[in-house]
Amino acid sequence: MRDRHFIIGLAAIVLAACQAPTGETQTTEPASAPATAGFSAPRTVGTHTVTGVLLGFEDAGYPTFALEVGAAGGAAGDEGNLQLLTLDPNAGGPVDPATIRPLVGQAVTVRYSVTASTQMTDIQVNGASVLLPVEGGPAPVAGTRTIEGVLSGAEGESGDLPSSLTVTASDGTAVTFEAFIEPGMASANGRTVTLQYVDDVNIELVSITPAA
């Protein structure tokens, strides 16, 4: 079953030259250093290039694939690893998964973009959640914000990718987020709801290639 929240990501194939394109950061290693020495992956909004080891690549539910990049000698799940998602090319993704899978365990150079996003944590009508209950669901998220307004965009079904929904307050303030539409959300469409959400980022794969 698809996750309730979707954060999609694209990452980048760049054999970086000495100078990155405008607006990008780039890690340059001395010739004598391991390809992934001093691995660090910025999460600031913008486009970044980094070299590390592809520690994992797996199907996250069509059409999404998950990648994890970290330091040489590191392991999947280590703090500081870069976690990102990419789509199958048939869904608009930039790289064929068949070209990524053989790179697991190798040093790679990735280019990825980071954009601001909103993650919905709950939608309530008259104080009651309209979302399907999740057994053993996560604890309340720190930094949760709320807005009360009319829900729009929750019509029909989402398909393979999440739908874009918006809650618009009476003063015109609006918060847009992506989610797979559940029955309770559809029944709340056009009604006044209380949206609980957190600020987040989408880390999107642009390209990936073996490191030089």
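## Basis

In this predicted model, local features need pLDDT of at least 70 and side-chain atom pairs count only at pLDDT 80 or more, while totals for chains, interfaces and linings use all residues. Residues are numbered from 1 along each chain as its sequence is written, and side-chain values use heavy atoms, with hydrogens and water left out.

## Overall fold

The protein chain contains two helices and eleven strands. Both kinds of element are DSSP runs numbered from the N terminus: helices are H or I with at least four residues, strands are E with at least two. Read from the N terminus, the order is β-β-β-β-β-α-β-β-β-β-β-α-β.

Of the 212 residues, 41% count as buried, meaning under 20% relative accessible area; exposed is over 50% and partly exposed lies in between (1.4 Å probe, protein chains only). Among contacts (heavy atoms within 4.5 Å) with a separation of 6 or more, 68% link residues 24 or more positions apart. The chain exposes about 10,900 Å², of which carbon and sulfur atoms supply 52%; accessible areas come from the Shrake-Rupley method with a 1.4 Å probe, and for residues only the protein chains shown count as cover.

Strand S9 (residues 163-168) pairs with strand S8 (residues 145-152) in the antiparallel sense over three bridges; pairing requires at least two bridges found by DSSP. Thr166 in S9 is the bridge partner of Ser152.

S9 also runs antiparallel to strand S10 (residues 174-179), joined by six bridges. Here Thr168 stands opposite Ala174. S9 and S10 form a hairpin with five residues between them, and Gly172 in the turn has a positive phi of about 95 degrees.

## Around Asp199

Asp199 lies in strand S11 (residues 192-210). Beyond its neighbours within four places in sequence, Asp199 contacts Ser117 and Arg145. The side chains of Asp199 and Arg145 make a polar contact (2.8 Å). Such a contact is a pair of N or O atoms within 3.5 Å; within protein, one must be able to donate a hydrogen and the other to accept it, and residues adjacent in sequence count only if both atoms are side-chain atoms. The C-alpha atoms of Asp199 and Ala116 are 7.5 Å apart, although 83 residues separate them along the chain.

## Aromatic pair

One aromatic pair is found in the whole structure. The ring centres of Phe57 and Phe65 are 5.5 Å apart and the planes are at 10 degrees, so the pair is stacked. Rings of Phe, Tyr and Trp (its six-membered ring) pair if their centres lie within 6.5 Å; planes under 30 degrees apart count as stacked, over 60 as edge-to-face and the rest as tilted. Phe57 is buried at 13% relative accessible area, and Phe65 is buried at 7%.
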